Amino acid sequence: MAAQPVPHPSTDKKRVKVYELRNNDWFDRGTGFCSAAFNISEDGQQQDPRVFVESEDLPDRVLLETRICKEDGFNKQQETLIVWTEPSTGMDMALSFQEAEGCAMIWKFINNVQQRYHSVNAPDDSLSDDLAMDMPNPISLPPASMGNLAEIESQMRGLSGTANGRDALTKYVLTEDYIGKLIPIVIEAEDLESLNDLHRLCNIMKIIILLNDTSIIEHAVSDECVIGVVGALEFDPDFPSHKANHRQWLEGEGRYKEVVRIEDPQILKKIHQTYRLQYLKDVVLARILDDNTFSVLNSLIFFNQVDIVQHLQSNAAFLAELFNIFKSPQPDPKRKKEAVLFIQQCCAIAKNLQPPARQTLYNNFLAHGLLQVINFGLRHSDVAVRVGATDILVSMIDHDPQMIRSMIYRQLHEKQPPLTDSLIDLLLIEVDLGVKSQISDALKVLLDQSPPVQPEAFAKANGEYAIRAASRIPPSADPQQDNFLNGFYESSATKLFQPLIDLQGRTNMDFSVHQASMFTYLIEILCFFIRQHQHRSKFFVLNNDIVLRISQLLSCPEKFLKLVAIRFLRQLIGLQDEFYVKHVSEKKVIGPILDVLIQTMPRDNLLSSACLEFFEFIRKENIKDLVKHVVENYRDKVQSLAYLDLFRTLIIRYDQTEGFTSNIDYFIEVDDEPRKRTNIINPKTGGLMEHLAMDQAEEEYWNTSDDEEDVQAKAGIRASSTNGQSLNTKPLVDYASDEEGDENVEAGALSAEEDRQDGGPRKVEAGPRDVAPPPERLSEKRRREEDEEDDLSKMVQHKRRNSTSASSNASSVSGVLRKKKTISGARDAGGGPKKIAISLSSNLKAGNGQGHGRSDEA
């Protein structure tokens, strides 16, 4: 029976439908309003917790009243559904709520009751309607003393198992200042050396902090509580024989260094609080943190950092005093070092800020002279200061490289040494590999040219016309960037790659770790320049003989340096730039790679794989100049590696072209030019076939359309002569060259066929002793070519083919080759030339596209 819905305020969050399962189908018992409460007896005592649903149509009618028992299996499904089984009837019931908040409220009550039923520490009569529906149940913990620590820990652990218990415990700890009451017990237990009590205090502090309440955590790291809290956490029961020293670390006076005095007490408080929160997250609680507590700690740290940075960047007097440290006439090295590290920390904090706030901070720093600070730090003798300056620079480049480029342009305009020179000097002398890597990345970003606008972007907006227009207009480059790059290649690039240039004439390839790492980063930077600065890098590579210098590294004992050199040469040929291909060939740097491969093979390692991939790329991309260079100059070495398919293919490819490196490809026969030669390179032998110059008249004859002959045939312009010749003749087979003619004779040539005259039957005429053999299929001829190749010279002779057609009277036609047996038999029989006519089947005629008879003179 379903109740009719009536209008009801939408603010009521507990409107619900009641369903019961009958015969595997849910039956709607009606719509009403749900509530959950304890049943109060006549004497005012709380009894069983119950769920009520009153009818929406008839408020006096109860649609559902069920008692929450320990055995009930209440479950919440999705956001608005609660299902369970009535223990008395065994019937499945369901409540479908209109609003998710109403479902959550009722479920909170049901879940709390069930949790208490299963808790051994909490009596059933401690439940209340207020706790479940609206507010946490007020609790009371035993007084904070050493004798009650076991009971306090037990109750706290039980309460922290439920959401309501956590809320109640949080309010109790804050209201009663329970942390402040526990701190003196830590000192007392330490004095008594009571390890068990100290372990219980550690567990109690963990439970309190893991409640994930921001107010509790802020109170725990306050000045009055932080030492006692971390003191209790020093005695971890998981490590009973060890004691941490958190208090000693946090109490150290040297931890906080004030480069420039901060007057605002609230900012000072946040700075100390942030440091303690980071220590708590990263050290004290690192092993036991859950996701919720980790998120709470990160949020507190983030908001504190935002407040700190906003205060510093808005305080002009503070920034002026900070950067004046580097302009002071009486330098204080220690204070300058601390100032660099302070700015490094500010930039590290700025990484977590939103981009606009970060941009404002960097602009304020640059306006007060940050580049001078970076130059000072990069040239400092202390590695910590160099690392700090590099971090500052990398942070700003990651945010906006164009901002740093603009400052470099200003330095160049003011005739000051650019920042890139400082980076180059540091890269060449730095021993810390981390700093080298950061400087290398910074140089590549600063010298990176902005990519030109892609034509596809124009196409999407303006169609194909815009693509054609954009392709005719060269991309405009930034003139400041061009000037910067020109100046860099004129002076700075030579200084940067001087270690590579100095390899000229060096025979000893043993390098220190510092030198080897330097070569690695220099070649990596050079590969980047070759990709980005095409024309400038070509001139630099050619002028300084860089390719030959890097190839010298192939003879050093360190394998990773050999790999670096191979990677560079692979980068050059990978561009498939004619300049670099010719340059690599002229410098003959591929020979050392072959030497490395021969020394390494047959072992399979990274070095041999890099060498093989180098030559595989040449083969795959068919770089003909390099194939010719490798085989002509290093044929013996390549031949020693011919057991690999790769090098065997290179030799074959070179032998096929006989050193010609022009693009010689197969011609493709098309309908418009059906009589062109199909191949220039013989696919069987791999050799070049002879190219025959054809007479113009002969070309006209063979290219004459068949339509003219068809018209003549239809008009009856055909007559049989006494010698058996037809006036209108046409060849049966196209002869592309002499070689093909030879093959045709070897397989058996066909003579002309004689048309029927006046509808009469065709006749076959032959010599008295021999009859012309039937026509042989082209596929059979080709299969027999290999076997009969040796007999060609004995079986062929050339004859001149005379044509009697009107269209070919003025030109001579290629001779037709005949089988020797047929010709000699005809001569023996008649003592002179005889006429031979062969009747062709309809299939052959259709295959050759000829419907008219032809006769040839032998």
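This report describes the fold, nonpolar cores, helix packing and salt bridges of a predicted model.

## Basis and overall composition

The structure is a predicted model, in which local features need pLDDT of at least 70 and side-chain atom pairs count only at pLDDT 80 or more, while totals for chains, interfaces and linings use all residues. Residues are numbered from 1 along each chain as its sequence is written, and side-chain values use heavy atoms, with hydrogens and water left out.

The chain contains 40 helices and 11 strands; these are DSSP runs numbered from the N terminus, helices being H or I with at least four residues and strands E with at least two. Of its 858 residues, 43% are buried (buried means under 20% relative accessible area, exposed over 50%, and partly exposed in between, with a 1.4 Å probe and protein chains only). Of the contacts between residues at least 6 apart in sequence, 66% join residues at least 24 apart, a contact being heavy atoms within 4.5 Å.

## Nonpolar cores

The largest nonpolar core has 126 residues, and the members that touch the most others are Ile-343, Leu-370, Leu-496, Phe-568 and Phe-615. Such a core is a set of buried Ala, Val, Leu, Ile, Met, Phe, Trp, Tyr and Cys residues joined through side-chain atoms within 4.5 Å. Helix α24 (residues 513–532) gives the most to this core, with 11 residues. Another core, of 49 residues, lies apart from it and includes Leu-182, Ile-204, Ala-220 and Leu-285.

Leaving out residues up to four places away in sequence, Phe-568 touches Ile-523, Leu-526, Cys-527, Ile-530, Ile-546, Val-547 and Ile-550. Leu-572 belongs to helix α27 (residues 559–574) and is buried, at 0% relative accessibility. Beyond its neighbours within four places in sequence, Leu-572 contacts Ile-530, Val-547, Tyr-580 and Val-584. The C-alpha atoms of Leu-572 and Val-547 are 9.4 Å apart, and the two residues are separated by 25 residues along the chain.

## Helix packing

Two packed helices are described by the angle between their axes and the distance between the axes. Helix α16 (residues 383–399) packs with helix α17 (residues 401–413) at an angle of about 115°, and their axes are 5 Å apart. Axes are lines fitted to C-alpha atoms, for helices over the stretch in contact, and angles run from 0 to 180 degrees between N-to-C directions.

On the α16 side the contact involves Leu-393, Met-396, Ile-397 and His-399, which meet Pro-401, Met-403 and Ile-404 of α17. By class, the contact of α16 with α17 has 6 nonpolar residues, 1 polar and no charged (Ala, Val, Leu, Ile, Met, Phe, Trp, Tyr, Cys and Pro count as nonpolar, Asp, Glu, Lys and Arg as charged, and the others, Gly among them, as polar).

In helix α31 (residues 624–633), the buried residues are Leu-626, Val-627, His-629, Val-630 and Val-631. Their cover includes α27, α28 (578–587), α29 (590–600), α30 (606–621), α32 (635–640) and α33 (645–657).

Glu-20 is buried, with a relative accessible area of 5%, whereas Arg-22 is partly exposed at 41%.

Asp-236 forms a salt bridge with Lys-206, with 3.1 Å between the closest N and O atoms. Because Asp-236 lies in the loop between α8 and α9 and Lys-206 in helix α6 (residues 195–209), the pair ties together parts that are 30 residues apart in sequence. Asp-236 is buried, with a relative accessible area of 13%, and Lys-206 is buried, also with 13%. A salt bridge of 3.2 Å, N to O, joins the side chains of Asp-238 and Arg-287. Asp-238 lies in the loop between α8 and α9 and Arg-287 in the loop between α10 (265–284) and α11 (291–314), so this pair ties together parts 49 residues apart in sequence. Asp-238 is partly exposed at 48% relative accessibility, and Arg-287 is partly exposed at 47%.

Glu-234 is found in the loop between α8 (226–232) and α9 (246–250) and is buried at 3% relative accessibility. A network of salt bridges links Glu-190, Glu-234, Lys-243 and Arg-247. The side chains of Glu-234 and Lys-243 are joined by a polar contact of 3.1 Å (a pair of N or O atoms within 3.5 Å; within protein, one must be able to donate a hydrogen and the other to accept it, and residues adjacent in sequence count only if both atoms are side-chain atoms). Not counting residues up to four places away in sequence, Glu-234 touches His-242, Lys-243, Ala-244, Asn-245, His-246 and Arg-247.

Note on methods: Salt bridge = Lys/Arg side-chain N within 4 Å of Asp/Glu carboxyl O.
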